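Here is a short tour of one protein chain. Keep the sequence and the model side by side as you read.

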Amino acid sequence: MSLKDDFPILSREVNGHPLIYLDNAATTQKPQVVIDAISQYYSNSNANVHRAVHTLAGEATEGYENCRRWIKSWFNAEKAILTSGTTEAINLVAYGWGRANLQPGDVIVLTEMEHHSDIVPWQILSEERGIEIRYVPVLDDFTLDMDAYAVSLENAKLVCVVHTSNVLGVRNSVDELISLAHKAGAKILIDAAQAVPHDKIDFELFNADFMAFSAHKMCGPTGIGALLVKSDAFEQMQPFMGGGDMIESVTTSGSTYQTNEHKFEAGTPKIAEAVGWSAAFEWMSAIDLPAHHERLLNIAKWTADQLREIGCTVYGRHQSGDAAVVSFLHPTIHSEDFARFLDAKGFAVRTGHHCAQPLLNRLGITGTIRASFYLYNTQDEAEKFISTVRYIVGKFA
Ligand SMILES: Cc1ncc(COP(=O)(O)O)c(C=O)c1O
């Protein structure tokens, strides 16, 4: 049995070839246990949460809250707000914390490496509130300019930074980013969407104020994610959405709110998704993540070296701690054409700007081809990928 056998989709064919799925930075595949847990929930326990006293409602509530317990114990966190994903988690910080704590003229520090989900909410808030945004530049070696970061922290109230780039796979110096932000008196939000699939982060030790991530990038379902929040930052947050489930009492003259995470989870939440995510955590708890991370990084490094030999430009460095993401361009074959030829041979890769246009502008390009590896990928698949790349390049030569 290989890990791959746990994922039904990985035994399908695409265009007459066995599927080789290398688009894991966009979303990972789901093991059968996750699919079964969701199906089982809808077949047996479907009900709304936190409301009725009947048995099904109890099972649904238990399923939903069990996911929160998994998140808290996996990441050693005191507060875990369930969101629809990283994007909603970051928006929750912008609207729940930012609106309540930022004044006109306050400074937020972002970086040129951010995903759009960690840029656009701040631009909207900045227009609404007159907040200044500063961007930390990316250097030619694909790392952040830490000298510029130190300077940008003057009068900053909040830093929002990506842990691991979805385009480059580069892992930023997060410990240093966090400690410098705190020394400057700023809070810090870490976008960990590409980090948590590879690294079991201890949120308490990590010491960031907010951390956002999505289930679907770590074998869980789409439509659910979380925001971890330090207790003092949690107390400074105001609800971003109002509705059922987040209140203590409502009268025609006003409302009072719950004091726990439910305060930020208005409306019927993602119950089936939470049940599926718990199954993913359980499945992943039998996996040696650090060993796989090292194995996958070696595969990515080998792939990057081969692509350079073929004449491609690779955007990334594949050093210890980086994610197994290989972004590249061929000097003459258009990336979309390249990806279509790869798809014709059964390979799934991503092309385009990867929702990181400021980074691509900085690199002087409009898109890349991105192959990203996860737990079920093998060196053998990387070798097949490279021989198909050679075949495609040969056809165009
Ligand atoms: C670094 C990073 N941040 C944020 C996101 C947004 O995640 P989601 O679409 O799950 O909200 C992604 C998704 O690709 C990402 O890679």
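The buried residues of H10 pack against strand E13 (313-315), strand E14 (325-329), strand E17 (368-372) and helix H13 (379-396). Some terms first. Helices (H or I, at least four residues) and strands (E, at least two) are DSSP runs, numbered from the N terminus. A residue is buried if 20 or more other C-beta atoms lie within 10 Å of its own, exposed if 12 or fewer, and partly exposed in between, with C-beta atoms placed from the backbone. Two residues are in contact if their C-beta atoms, placed from the backbone, lie within 7 Å.

This is a predicted model: local features need pLDDT of at least 70, side-chain atom pairs count only at pLDDT 80 or more, and totals for chains, interfaces and linings use all residues. Residues are numbered from 1 along each chain as its sequence is written.

**Helix H10**

Helix H10 covers residues 289-310, which is 22 residues. From first C-alpha to last it reaches 31 Å, close to the 32 Å expected at 1.5 Å a residue (the expected span is 1.5 Å times one less than the number of residues). Which residues of H10 are buried? They are His 293, Leu 296, Leu 297, Ile 299, Ala 300, Thr 303, Ala 304 and Leu 307. Seen down the axis of H10, these buried residues fall within an arc of 165°, so they line one face of the helix. The arc is that of the directions from the helix axis to the C-beta atoms. Ala 291 and Glu 309, on the other side of H10, are exposed. Just after H10 comes Gly 311, with a positive phi of about 110°.

**The whole chain**

The chain holds 13 helices and 17 strands. Its radius of gyration is 22 Å, close to the 21 Å that the globule rule gives for 397 residues, so the chain is as compact as a globular protein of that length. That radius is taken over C-alpha atoms, and the rule is 2.2 Å times the number of residues to the power 0.38. Buried residues make up 48% of the 397 residues.

**The core**

The largest nonpolar core has 124 residues. Such a core is a set of buried Ala, Val, Leu, Ile, Met, Phe, Trp, Tyr and Cys residues joined through C-beta atoms within 7 Å. Helix H9 (residues 271-284) gives the most to this core, with nine residues. Domain 1 (3-22 + 288-396) and domain 2 (34-284) both give residues to the core, so it lies between them. The domain bounds come from an automatic or database domain assignment.

**Loop residues**

Val 167 sits in the loop between strand E7 (156-162) and helix H6 (174-183). Leaving aside neighbours within four places in sequence, Val 167 is in contact with Tyr 315, Ser 327, His 354, Ala 356, Leu 359, Thr 368 and Arg 370.

His 318 lies between E13 and E14, and Cys 355 lies between strand E16 (350-352) and helix H12 (357-363). Most residues other than glycine have a negative phi. His 318 has a positive phi of about 55° although it is not a glycine. Cys 355 also has a positive phi, near 55°.

| Residue | C-beta neighbours within 10 Å | State |
|---|---|---|
| Val 167 | 26 neighbours | buried |
| His 318 | 22 neighbours | buried |
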